Amino acid sequence: MSASGAESGCRVDYTVNEWTGGYTAQIKVTNLGAAVSGWRLTWTYTGDQKVTSAWNASVTQTGASVVAADAGWNGALATGGSAEFGLQGTWAAADPAPTDFALNGVSCGGDATPPPTTPPPTTPPPTTPPPSAECGTAVICADFEEQTGTAPSGAWRVTAPDCQGTGTAAVDTSVAHSGAKSLRIDGRAGYCNHAFVASTADLSSVGPVLHVRMWVRHTTALPAAHVTFVSLPDSSQGGRALRVGGQNGALQWNREVDDATLPEQSPSGVALSRPLPTGSWQCLRFAIDTTAPALDTWLGDEQVPGLHADGVPTHDIDRQWLARTTPPRPTALRLGWESYGTGDDTLWFDDVAVGSSPIGC
C-alpha cells in the first residue's frame, strides 16, 4: 500500500508494510517550496491506526492527528530536498494510507511558497541523503585489503570468547564484497565451537548511538536452534555480550546476561523478523542507543520490525528485551560463529564500519 501527496507545497511518498494488527510505514517528504531549516509533517489517519514508535523523526499522535518533526541532523530541506523517516504502529479495523499531508503548515495540495527569484544554480540543489556508505569519521572502517596473510592480523585478531573447537577464521582472497579480500568464518555446530575475529578498536566512547554497518554472506539458512554471528562485549553486562544471530530460522538479538531475545520467540514475534538470505551479500545495519535500552536493525534499506526496540514494551516483540532497563554500552566488535546446538555455516564479512553517525549501505 502506498500513497503520494499532491505535488504543490511538498510531495509525500508513504509506503506501508502491513500485517494483521500492525504495520510499518516508510515516509519520504520532498520540499517543493522555499528552503527550510526545520520541518514538521502533519497528517490525519482515517482508520484506527496508532503509532507506537518511529526512527529518523520524532512522531507524536493525538487522536487521529499525527505530527512528525525532524531529528535535527535531517532538518534542513532545500528546494527539491528530501528527508526519509519511518514508523511502526498498530491497527484493528482499517489501515488506509493518509492523504492530507502538510509540510510546516502548508498543504501538499495547497499553495507552496515560491523560492527566491535568483539565477539557477550551476549545480543541482543539495538534498538530504540517506546515510552515506562512506565511513567518514567511523572508529572502524575495514575492507580487509590491508591484510597480508591468511591469518587475520593488525587491527583484527582471531579469538574464541568462551571456548574453542574446530571452527576457523581466515582472510579469504576468493570471495569479497568489494576489493579482493574478506574475512571468512567456517562455523561448526556444538557449544564449544566458538570462532570469531575481533577488532582491536575500543568502542566504549562511541555514541550516544553506536551505528554498525557490515556486509555479510553465508551458505546455510539460519537454523531453528540459537546461533550468533556478531558479538559485542557490553560493559553494562559485566563484559557479557549483545549478540546478533538467529533462532527459529530468522534474525534475532540475544542478550547474554539474561538470555532475553528480540523479538520474543513466539510465532508472532518471529514473523516480524526476517531470514538472512543465503548465497549473496547482505547489508546488515544496526543502531544501539547507549542512553536507553533501545535499538534498531535494518537488512538492506528495510527496517526489520521485530528487531526494533523503542522503549515501549510490546507483547510478543520487545517486552522481554525491555524488561532490563540498564542501557547497553558495547565496548568492542567480534565477527564469527557461535552455535548452541545444531548448525554449521560458512560466512564472509566485508566493508565493516562502526561510528557515532548512521552509515548506509
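Helices (H or I, at least four residues) and strands (E, at least two) are DSSP runs, numbered from the N terminus. By that count, the secondary structure of this protein comes to 1 helix and 25 strands. The model is predicted: local features need pLDDT of at least 70, side-chain atom pairs count only at pLDDT 80 or more, and totals for chains, interfaces and linings use all residues. Residues are numbered from 1 along each chain as its sequence is written, and side-chain values use heavy atoms, with hydrogens and water left out.

**Overall form**

- The C-alpha trace spans about 65 × 50 × 35 Å along its principal axes.
- Contact means heavy atoms within 4.5 Å. Of the contacts with a separation of 6 or more, 71% are between residues 24 or more positions apart.

**Surface and interior**

- Accessible areas come from the Shrake-Rupley method with a 1.4 Å probe, and for residues only the protein chains shown count as cover.
- The protein exposes about 14900 Å², and carbon and sulfur atoms supply 53% of that area.
- A residue is buried under 20% relative accessible area, exposed over 50%, and partly exposed in between (1.4 Å probe, protein chains only). Of the 361 residues, 49% count as buried.

**Nonpolar cores**

- A nonpolar core is a set of buried Ala, Val, Leu, Ile, Met, Phe, Trp, Tyr and Cys residues joined through side-chain atoms within 4.5 Å.
- The largest such core has 45 residues, and the members that touch the most others are Trp156, Phe229, Trp253, Phe286 and Leu333.
- Leaving aside residues up to four places away in sequence, Phe229 has contacts that include Phe196, Val244, Leu251, Leu284, Arg334 and Trp337.

**Salt bridges**

- Side chains of opposite charge can pair when their charged atoms come close. A salt bridge is counted when a side-chain nitrogen of Lys or Arg is within 4 Å of a carboxyl oxygen of Asp or Glu.
- The whole structure holds 5 salt bridges.
- One of them joins Asp172 and Arg184, at 3.8 Å from N to O. Asp172 is in strand 13 (residues 168–172) and Arg184 is in strand 14 (residues 182–187), 12 residues apart.
- Asp172 is buried at 8% relative accessibility, whereas Arg184 is partly exposed at 28%.
- Arg184 also forms a salt bridge with Asp186, at 3.0 Å from N to O. Asp186 has a relative accessible area of 14%, so this residue counts as buried.
- Together, Asp172, Arg184 and Asp186 are linked in a network of salt bridges.
- Another salt bridge is between Arg274 and Glu302, at 2.9 Å from N to O. This pair links distant parts of the chain: Arg274 is in the loop between helix 1 (267–271) and strand 21 (282–289), and Glu302 is in strand 23 (residues 302–303), 28 residues apart.
- Arg274 is buried, with a relative accessible area of 17%, and Glu302 is partly exposed at 33%.

**Backbone exceptions**

- Most residues other than glycine have a negative phi, and most peptide bonds are trans.
- The peptide bond between Gly207 and Pro208 is cis, with omega about 15°. Pro208 is in the loop between strand 15 (195–199) and strand 16 (209–218).
- A cis peptide bond also runs from Leu262 to Pro263, with omega near 0°. Pro263 is in the loop between strand 20 (260–262) and helix 1.
- Asn104 is not a glycine, but has a positive phi of about 55°. Asn104 sits in the loop between strand 9 (102–103) and strand 10 (106–107), and is partly exposed with a relative accessible area of 34%.
- Asp259 is not a glycine either, and has a positive phi of about 60°. The loop between strand 19 (250–255) and strand 20 holds Asp259, which is partly exposed with a relative accessible area of 47%.
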